[in-house]
Amino acid sequence: MEQRKLGSTGPIVSAVGLGCMGMSDFYGPADRSESIATIHAALDAGITLLDTGDFYGMGHNEMLIGEALSGRDRDRLQISVKFGALRDPNKGFLGYDSRPAAIKNFVAYSLQRLRVDHIDIYRPARLDPSVPIEETIGAMADMIKAGWIRHIGLSEVGSDTIRRAQAVHPIVDLQIEYSLVSRGIEGDILKTCRELGIAVTAYGVLSRGLISGHWSKDRANEKDFRRMSPRFQAENLDSNLALVDTLRGIAAEIGATPAQVAIAWVAAQGADIVPLVGARRRERLTEALGALQVTLTPEHLATLAKAFPPGVAAGERYPESQLVHMDSERPLAH
């Protein structure tokens, strides 16, 4: 397994990470035994970075990972946890809380559920507009001194917030959506991260399955997050699925799958970028890992750049109700 370093101050991790969210939430029912088997298969393949959030299934995902890691060598793994999203018993979202006292509470529960004595990378899930980022990062720096966490990451924030956070304590990575159809970070955020020595852990590399080659219109009514996603609705879905034809062409030429080409494209954007693959089943994990063997030529990259210019996707990547909470989507201040 190829390895990459998370920023100038972070740990060495596998070239791809496993995003575990779908094993507990958002994409409909998941099979518990298959989820654990998939985590085990990822570890056996050399994946060392596991990504979760304390609000994925209201703690279910952390407990699942804790169970899966029983008997495994904890010290060779990096566990990344997002915190701060508040939810109700109906699984609705209530906002975000990044107050120092709340963070201590969140990390205490996460350590218990994960069955570990520290978390490798801890990050606020979104910017809490009522708490200055300096307060949040300062509290997290104290948690590093206490030994509860090892590194600080960020998620879905813009350049100004990144700079303010970095001024308080070194940030190892920014977790943000990045794919052929979600290239917003290329405008400014990626440059800021590179200037400051901050890596990118890219989620949504297959745009929630949209460009995986496995999605079709007859799945439009599946009961999961995608029913509310603008990119999966009506005419938008038709336009976005048509984009996959280019991926299929390149995939056929090099003996790969569309998903493998899409993942390989993200990985090819820089050694400071680590794709997170959200496989819930071993067969999807095996396919995703095959992307590591895909080499895209300059001609392939040029073809993909032409077919997938920034803004090519029809529809926003989140519903408006969620975009308003995303600091990364705010226009740059001039």
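Trainee: How many salt bridges does the structure hold, and what makes a pair count as one?

Mentor: The structure, a predicted model, holds 18 salt bridges, a salt bridge being a side-chain nitrogen of Lys or Arg within 4 Å of a carboxyl oxygen of Asp or Glu. Because this is a predicted model, local features need pLDDT of at least 70 and side-chain atom pairs count only at pLDDT 80 or more, whereas totals for chains, interfaces and linings use all residues. Residues are numbered from 1 along each chain as its sequence is written, and side-chain values use heavy atoms, with hydrogens and water left out.

Trainee: Why is the pair Arg 32 and Glu 67 called a salt bridge?

Mentor: Their side chains meet at 2.3 Å, N to O, and the limit is 4 Å, so the pair qualifies. Arg 32 lies in helix H1 (residues 32–44) and Glu 67 in helix H2 (residues 60–68), 35 residues apart, where helices (H or I, at least four residues) and strands (E, at least two) are DSSP runs numbered from the N terminus.

Trainee: What makes Arg 32 partly exposed?

Mentor: Buried means under 20% relative accessible area, exposed over 50%, and partly exposed in between, with a 1.4 Å probe and protein chains only. Arg 32 has a relative accessible area of 40%, so the residue falls in the middle class, and Glu 67, at 33%, is therefore partly exposed as well.

Trainee: How do you know that Glu 195 is exposed, and which residue is its salt-bridge partner?

Mentor: Glu 195 has a relative accessible area of 54%, which is over 50%, so the residue is called exposed. Its partner is Arg 163, with the closest N and O atoms 2.8 Å apart, and Arg 163, at 36%, is partly exposed.

Trainee: Are Arg 123 and Asp 173 buried or exposed, and what do they tie together?

Mentor: Both Arg 123 and Asp 173 are buried, and their side chains meet in a salt bridge at 2.9 Å, N to O. Arg 123 lies in strand E8 and Asp 173 in strand E10 (residues 173–177), so the pair ties together parts that are 50 residues apart in sequence.
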